There are 2 protein chains.
Amino acid sequence: MQRILSTQLRAHVDQTVTIAGWIHRRRLLKSVAFLILRDAEGLSQVVVAEPETRAQLEELAEESVVEVVATVTANEQAPGGVELTGPKIRVLSAVTAPLPFELHRPAIGASLPTQLDHAALALRHPARRSALRVAAAATAGFRAALSEQRFVEIQTPKIVASATESGADVFELEYFGRPAYLAQSPQFYKQLMVGVFERVFEVGPVFRAEPSDTVRHLAQYTSLDAEMGFIEDHRDVMKALTRTLTVMMATITARARLATPRVPSEIPAVHFSEALRIAGAPADEPDLAPAHERALGEWALREHGSDFVYVTGYPMRKRPFYTHPDPADPAYSNGFDLLFRGLEIVTGGQRLHRYEDYVAALGRAGEPLEPYAGYLDGFRYGMPPHGGWAIGLERFVARLTGTANVREVTAFPRDLNRVIP
Amino acid sequence: MQRILSTQLRAHVDQTVTIAGWIHRRRLLKSVAFLILRDAEGLSQVVVAEPETRAQLEELAEESVVEVVATVTANEQAPGGVELTGPKIRVLSAVTAPLPFELHRPAIGASLPTQLDHAALALRHPARRSALRVAAAATAGFRAALSEQRFVEIQTPKIVASATESGADVFELEYFGRPAYLAQSPQFYKQLMVGVFERVFEVGPVFRAEPSDTVRHLAQYTSLDAEMGFIEDHRDVMKALTRTLTVMMATITARARLATPRVPSEIPAVHFSEALRIAGAPADEPDLAPAHERALGEWALREHGSDFVYVTGYPMRKRPFYTHPDPADPAYSNGFDLLFRGLEIVTGGQRLHRYEDYVAALGRAGEPLEPYAGYLDGFRYGMPPHGGWAIGLERFVARLTGTANVREVTAFPRDLNRVIP
């Protein structure tokens with residue numbers, strides 16, 4: 001008999017069906033026992049009144065995998081309005097080891113390190129599972145929005161000959177007898193691919209050997225990257241990003257059943273110097289501290305009813321060498337950040353596009369040209385004005401789901417102290 | 001004026017439009033000059049009759065990026081039936097360096113190493129570009145097919161504490177003061193995630209430190225991975241894969257305008273021992289050599305009119321330890337390969353799902369349990385019968401486009417000798 005899912009039970013009242021999944025919980029009362037079965041879509045309640053089946057259930061620990069053939073019975077008291085009666089249980093995989101923590105409570109009782117040590121188990125908890133569904137939906141929405149806007153998906157190297165974003169915080173590896181590094185971003189490659197497709201995107205892992213043990217840093221995270229050519233300046237990039245966020249939110253609501261904030265058709269944007277003023281920071285600060293970002297988030301919500309705010313025109317000295325200066329005031333850049341509920345989740349901007357500008361910028365930064373030779377080669381042969389952005393997926397999902405630590409929305413996080421499981 | 005694309009010109013006959021792109025080719029004839037402009041979608045022919053504009057064009061080397069304002073004029077002799085006349089050219093990025101090779105011939109004249117040295121330029125060639133579009137469409141089709149079949153997308157660690165597929169051929173890196181490795185596949189993680197979502201997929205980079213310098217090996221390639229629970233055996237996996245391939249082919253045809261082979265609703269499947277007989281190999285061969293795969297590809301086409309053939313039941317001794325044996329004959333496995341036009345492009349099968357079977361299998365393989373502790377933990381807490389597959393994207397695209405070397409369908413390939421650009 002074809003297995004059906006927990007969410008399909010209501011359509012089968014009074015029929016005999018097969019369901020399958022994990023024993024989420026057993027409640028062994030005196031007169032009757034309940035088996036709560038978890039499958040990919042939800043929970044089902046199985047009523048066990050028969051002594052033989054009850055004896056079998058008593059031997060089956062939580063998380064055992066079983067197939068149940070039973071009758072679907074309407075019962076308005078039962079979760080979802082249906083329950084299963086007269087069950088026959090077939091064991092697919094019996095659990096004999098005691099669980100390190102229970103999964104059927106609203107939150108996992110164990111400490112986060114214990115949860116992460118047993119990630120394969122902890123991720124089965126409905127709250128953890130649901131955050132990963134949000135991540136999957138966000139990613140699907142990102143791709144859909146960009147495909148609709150004529151971006152082409154690319155896959156770029158994760159092993160590179162020289163550090164991309166900065167010399168520090170990079171993982172070194174042994175590559176056929178010579179040193180190489182894990183890519184800190186697909187920055188250079190996505191720019192070069194603008195020369196091929198004009199508009200490109202990539203969803204992939206990036207690696208940061210950051211010694212920061214905080215709730216928002218991971219040694220590997222998923223970067224949602226986009227880059228587009230033939231722009232006037234960074235404002236074209238912000239427009240494409242705003243559209244992308246709108247589709248991402250709609251996709252998350254549709255696929256992951258999570259209420260998402262409205263994305264204004266025009267997200268409020270403030271220049272960096274104005275942002276300092278709003279945040280009450282000294283006018284000579286070169287960057288925004290987390291407290292400033294929070295203040296800006298509150299300001300955007302209060303003044304514009306928006307969970308989002310763009311900060312534009314970051315000072316050039318705090319942005320990477322490939323950043324395009326503001327033509328009207330070259331101390332400032334055409335770079336921007338997007339803050340979501342007071343946290344930076346996207347960095348983007350217009351990039352330099354002329355070979356000679358790169359040579360000059362690297363010279364000013366005191367950097368040799370040689371490590372960038374492969375990158376610069378593409379600019380030697382004609383690149384349009386372009387820009388793009390990168391969204392940190394885990395930070396975005398954490399902020400959206402109200403989760404304090406990015407590790408709770410990452411399947412098997414990697415950090416300073418953790419490389420297993 | 002809003003820029004339009006080369007493919008939109010026909011809808012604008014007799015209008016003045018703005019187009020932009022790269023100077024693909026110049027033809028400076030005595031009485032008139034032609035500028036062939038390349039954008040993301042195709043080519044446009046611009047007729048330059050005006051002396052001043054011609055003088056400007058003479059200074060602009062191929063691959064310069066320009067914006068052209070001109071009138072769309074119907075001309076049945078022109079490619080696409082339209083050309084642009086009376087142009088005004090604005091230079092966005094001038095090329096002054098000589099190109100290492102020309103892009104406007106049917107094939108790039110330079111050797112493959114020279115092309116790869118200048119990958120950012122070579123990838124602009126229409127043939128190279130079109131192969132990458134096929135890769136993007138294949139990936140999109142893969143995801144669409146699996147989402148439709150209730151698979152959830154996951155992102156898994158690429159830095160791992162121990163080798164996944166085998167101890168050899170693994171890149172070692174320095175991870176916060178201790179050794180770690182680049183993941184050779186998401187195998188263990190996708191299996192563990194079956195415990196969370198029942199059905200999962202991942203598109204991501206995998207890393208093989210293979211010292212093989214061949215046309216089909218890369219040190220980093222893109223793996224299209226899927227894994228599904230609650231199967232009877234490997235045949236359920238093959239059914240899901242067949243459906244997935246069907247959607248992938250349709251998506252490639254629709255999005256990348258490439259004719260694709262028919263995927264039979266039931267792809268012919270032969271048992272390994274039968275495959276040896278068909279290929280004319282000795283009955284005690286433990287694996288299929290490339291020549292055997294080619295012979296099987298010819299057989300499938302001849303006997304079944306199919307470009308695809310499954311080989312099932314590979315001997316256990318040639319499959320990894322997590323492979324599920326054939327219950328009817330445990331010397332053989334429930335593992336399969338899919339050959340496409342005589343080349344293996346997919347490996348898959350049913351996996352072990354019981355903790356005690358893993359302990360026994362690792363014992364038989366003479367492997368200690370400890371490096372697998374994080375992996376085995378998930379099996380201790382209940383896993384359903386499951387299986388899955390991995391498609392090598394670059395091999396698949398190379399075979400589909402009739403390209404000899406996987407490096408020609410990879411944006412910036414990594415191999416034994418190459419880590420730049």
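## Terms and model

Buried means under 20% relative accessible area, exposed over 50%, and partly exposed in between (1.4 Å probe, protein chains only). Helices (H or I, at least four residues) and strands (E, at least two) are DSSP runs, numbered from the N terminus.

This is a predicted model, where local features need pLDDT of at least 70 and side-chain atom pairs count only at pLDDT 80 or more, while totals for chains, interfaces and linings use all residues. Residues are numbered from 1 along each chain as its sequence is written, chains are lettered from A and ligands numbered from 1 in the order in which they are written, and side-chain values use heavy atoms, without hydrogens and water.

## A covered helix in chain B

Helix α11 of chain B spans residues 393-401. Seven of its nine residues are buried. Among them are B:Leu393, B:Phe396 and B:Leu400. B:Glu394 and B:Arg395 are buried too.

What do the buried residues of α11(B) pack against? Their partners in chain B include the helices α4 (126-148) and α6 (234-256), along with the strand β18 (386-392). After α11(B) comes B:Gly402, with a positive phi near 70°.

## Where chains A and B meet

Contact means heavy atoms within 4.5 Å. By that rule, 93 residues of chain A touch 92 residues of chain B.

Six salt bridges are counted between the two chains (a side-chain nitrogen of Lys or Arg within 4 Å of a carboxyl oxygen of Asp or Glu). One of them joins A:Arg3 and B:Glu198, at 2.7 Å from N to O.
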